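Take a walk through this structure.

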Amino acid sequence: MSKFRLAIVGAGPAGIYAADLLIKSELRDFDVSIDLFDMLPAPYGLVRYGVAPDHPRIKGIIKALYEVLDRGDIRFFGNVNYGTDLTLEDLKQHYNAVIFSTGAIKDAALNIPGIELDGSYGAADFVNWYDAHPDFAREWPLNAKEIAVIGNGNVALDVARILVKHPEQLLSTDIPDNVYQGLKTSPVTDVHIFGRRGPAQVKFTPLELREAVHIEGVDTIVHEEDYQYDEGSQAAIDGNNQTRVMVNTLEGLRGQETTGAPRRLHLHFFSSPVEIIGEDGKVAALRIERTKLDGKGGVVPTAEFREIPVQAVYRAVGYFGSALDEIPFDSKRGVIPNDGGRVLDAAGKQIPGVYATGWIKRGPVGLIGHTKSDALETITNIIADRSTWWNPADASEQSVVDLLKARNVAFIDWAGWLRIDAKERALGEAQGRERVKLVDRPDFLANAKA
Ligand SMILES: Cc1cc2nc3c(=O)[nH]c(=O)nc-3n(C[C@H](O)[C@H](O)[C@H](O)COP(=O)(O)OP(=O)(O)OC[C@H]3O[C@@H](n4cnc5c(N)ncnc54)[C@H](O)[C@@H]3O)c2cc1C
Ligand SMILES: NC(=O)c1ccc[n+]([C@@H]2O[C@H](COP(=O)([O-])OP(=O)(O)OC[C@H]3O[C@@H](n4cnc5c(N)ncnc54)[C@H](OP(=O)(O)O)[C@@H]3O)[C@@H](O)[C@H]2O)c1
């Protein structure tokens, strides 16, 4: 073997970190050649298509990921879909191993009556709209005055913040014009966030919570009966600095005077969604059941119900991974079954040459930084497995380029991406913004050309 040829499918942070860590690994005593594929025309996964536009500091991680790809020792192939443009058999023909780092793009299901009503949305779909994902609708219905957001994680905060924020505050970000124009038409006055547990059980992070409850021109409203703690809550507050900080932030909102701002963000705890009530096929209210603490930080139902009039419901109850052709999938957890990144078959046996990392390996929880430790585990196992790698028929670097060209796959290489990047920056500069994102695939392809 002249070089270890590795294919990585998914150019989000997990895939990019895996490539970088393998190249830098001190355990490695062989040469490597890595090809990174993504079905999108752009690299960076959810950092580009998930992180909220008004979080430029986090979007700044893109700079670090860019620097890895710009070194020139990892080849990027954008606009290449594993499953249609490339198959597992193709990868076996041209590589020694593959890592799947395909992340998650869909919403987890919330099985309550009324979830299919007009005006009931998945958070992921809304995120895909405001972050300009090329494969999702460019129109978003923003006609509700009162909106419910279900969930107490950071995605719920992102969605509620974008919905309640005055759109002018987003003008300096990279949102496309259609998103700004859409948000400008929104008549929203009240956004209600519902958590099924209490203030000590939120899955927010401190910075994100503080930001959401102090939005300019928005009053935050909390409810006295929601401030309840049991022994489990107290243990969480005492044992976890983040929980303590967040409970302090929430405690600070108690009894706070409202300012009469035109928009309000309401935080409700111990509120479990049981039904979305419809009128003429459209969302009219959210029915919730009050829960109470069980002593251990969990909750139990109380059979006490109430309805909150809303015209739209966004469920932010987690993301969910998608199955890949010819690769085992755990449909309960939405992940590829694996042991330390080594992909396992139905019998729990390792499948040689096939690995996973990132959200598709571990499930859709954790920050961008967590995908680095994940990638380290996977690449350490790949290096240890060298005796089981595939024996490709043609491992030349040209072979996969020839294959994609023969199939008329309009792949975007790194030079092409740099041209797109320059175009987005130029569009931004003209408006005094850092960048304006391209949205449509034909635009990406046209701008990728020299
Ligand atoms: C809405 C939202 C906001 C977030 N904000 C933050 C934040 O502010 N800070 C933070 O630290 N973390 C944030 N996170 C978490 C962070 O985005 C994840 O931890 C991280 O992106 C997971 O990385 P990944 O590479 O595993 O998956 P992803 O980032 O999802 O990347 C997967 C890539 O695989 C590609 N792919 C999928 N299927 C195929 C296929 N068949 N063929 C080819 N390519 C394919 C996708 O196009 C994608 O580019 C956020 C998450 C969400 C959902
Ligand atoms: N700015 C940032 O740093 C940022 C932004 C976005 C996302 N992220 C990260 O991305 C990851 C995913 O975030 P996420 O918000 O999608 O997931 P998450 O953190 O797992 O939160 C999911 C929320 O949904 C609730 N939930 C689940 N099922 C429910 C049901 N049937 N009824 C009512 N509520 C339900 C959960 O409540 P329970 O706790 O009771 O289960 C939890 O509050 C997280 O690690 C997050 O920190 C980070």
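Helices here are DSSP runs of H or I with at least four residues, numbered from the N terminus. Helix α7, residues 154-164, gives the most to the shell around ligand 2, with three residues. Keep in mind that this is a predicted model.

Stay with ligand 2. There are 22 residues around it, and Asn152, Asn154, Arg196, Arg197 and Gly366 come nearest. Some polar atoms pair up here. A polar side-chain atom of Asn154 lies 3.0 Å from an oxygen atom of the ligand. For Arg197, a side-chain N or O atom is 2.8 Å from a ligand oxygen. Glu208 faces a nitrogen atom of ligand 2 instead, with a side-chain N or O atom 3.2 Å away. On its own, ligand 2 has 920 Å² of accessible area, and the protein covers 83% of that.

Now turn to helix α15, residues 414-429. Its 16 residues should span 22 Å at 1.5 Å a residue, and the end C-alpha atoms are 22 Å apart, which agrees. Which residues of α15 are buried? They are Trp414, Gly416, Trp417, Ile420, Asp421, Glu424 and Gly428. Seen down the axis of α15, these buried residues fall within an arc of 155°, so they line one face of the helix. An α-helix has 3.6 residues a turn, so residues three or four places apart point the same way. The buried residues of α15 pack against α2, α4, β3 and α16.

Is Leu344 buried or exposed? Its relative accessible area is 17%, so Leu344 is buried, because buried means under 20%. Beyond its neighbours within four places in sequence, Leu344 is in contact with several residues, including Pro328, Asp339 and Ile351.

Technical notes: Residues are numbered from 1 along each chain as its sequence is written. Chains are lettered from A and ligands numbered from 1 in the order in which they are written. This is a predicted model: local features need pLDDT of at least 70, side-chain atom pairs count only at pLDDT 80 or more; totals for chains, interfaces and linings use all residues. Side-chain values use heavy atoms; hydrogens and water are left out. Buried means under 20% relative accessible area, exposed over 50%, partly exposed in between (1.4 Å probe, protein chains only). Contact means heavy atoms within 4.5 Å. Helices (H or I, at least four residues) and strands (E, at least two) are DSSP runs, numbered from the N terminus. The expected span of a helix is 1.5 Å times one less than its number of residues. The arc is that of the directions from the helix axis to the C-beta atoms. A residue is near a molecule or strand if one of its heavy atoms lies within 4 Å of it. A polar contact is a pair of N or O atoms within 3.5 Å; within protein, one must be able to donate a hydrogen and the other to accept it, and residues adjacent in sequence count only if both atoms are side-chain atoms. Accessible areas come from the Shrake-Rupley method with a 1.4 Å probe; for residues, only the protein chains shown count as cover.
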